[in-house]
Amino acid sequence: MNYWLLKSEPSVFGIDDLANRPRQTEPWDGVRNYQARNMLRDQMRRGDLALFYHSNCTPPGVVGTVEIVRAGYPDPTAFDPESNHYDPKSDPAKPRWYQVDVRLKRRCQRMVTLAELRQHAAEFDDFALLRPGNRLSVMPVAPATWRRILELAGG
DNA sequence: GCCAACGTTGGC
DNA sequence: GCCAACGTTGGC
């Protein structure tokens with residue numbers, strides 16, 4: 001079982017949106033970065049858990065946790081000319097982009113902001129989110145880091 | 001709105 | 001394969 005962090009802009013799809021979905025489940029589509037794609041496709045497994053992180057907002061931070069309920073499979077929005085995530089170079093016979101399905105596990109009792117995570121950086125084991133210039137929208141989280149962040153979130 | 005960091009594109 | 005130009009991300 002692995003731990004992850006998934007970024008999303010709340011103005012596009014936030015934790016409230018996930019909470020309002022049927023079965024509180026949603027495909028995590030639209031990832032168009034190869035490093036992130038590789039993790040979705042090759043490493044994420046059903047039953048893994050991920051932090052739900054709100055980015056490009058005030059304040060950014062961790063707002064909840066989700067469970068991976070379906071492992072990586074081709075992202076259909078890449079084949080849809082109507083989608084903003086359409087990629088004409090993704091061939092359905094050899095899909096370029098992948099997604100997983102996530103289900104809301106729980107909201108944080110209190111949000112853990114990026115500023116707060118930075119204050120605790122020394123307690124985390126090489127947390128990719130805090131590396132300068134980090135732009136990945138999917139990244140692994142070490143188990144000890146996961147536990148500490150959930151403590152900060154009030155369980 | 002600014003801008004640093006980084007990824008992608010495309011000419012050569 | 002190099003690398004400059006350009007686009008995107010995302011914090012501030």
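Predicted model: local features only at pLDDT ≥ 70, side-chain atom pairs only at ≥ 80, totals over all residues.
Sugar or phosphate accounts for 64% of the atoms of DNA strand B that lie within 4 Å of the protein, and bases supply the rest.

Phosphate oxygens of DNA strand B are approached by both side-chain and backbone atoms. For Pro-132, the atom concerned is a backbone N or O, at 3.3 Å from a phosphate oxygen of DNA strand B.

The protein contains an open sheet of six strands with mixed pairing, arranged in the order β2-β5-β4-β3-β1-β6. The edge positions are held by β2 (25-27) and β6 (138-140); each has a single partner strand, so one side of each lacks a neighbour in the sheet. From one strand to the next, the twist averages 35 degrees.

Within this sheet, β4 (residues 61-74) is paired with β5 (residues 98-113) in the antiparallel sense, over ten bridges. In this pairing, Gly-64 is positioned opposite Arg-107 of β5. Helix α5, spanning residues 143-152, packs on the sheet and touches β1 (3-8), β3 (49-54), β4 and β5. The direction of helix α5 makes an angle of about 55 degrees with that of β3.

Methods. Residues numbered from 1 in each chain as written. Chains lettered and ligands numbered in written order. Heavy atoms only, no water. Near = heavy atom within 4 Å. Polar contact = N/O pair within 3.5 Å; in protein donor to acceptor, adjacent residues only side chain to side chain. Pairing = 2+ DSSP bridges. Helix = DSSP H or I, 4+ residues; strand = E, 2+ residues; numbered from the N terminus. Axes fitted to C-alpha atoms, helices over the stretch in contact; angles between N-to-C directions. Contact = heavy atoms within 4.5 Å.
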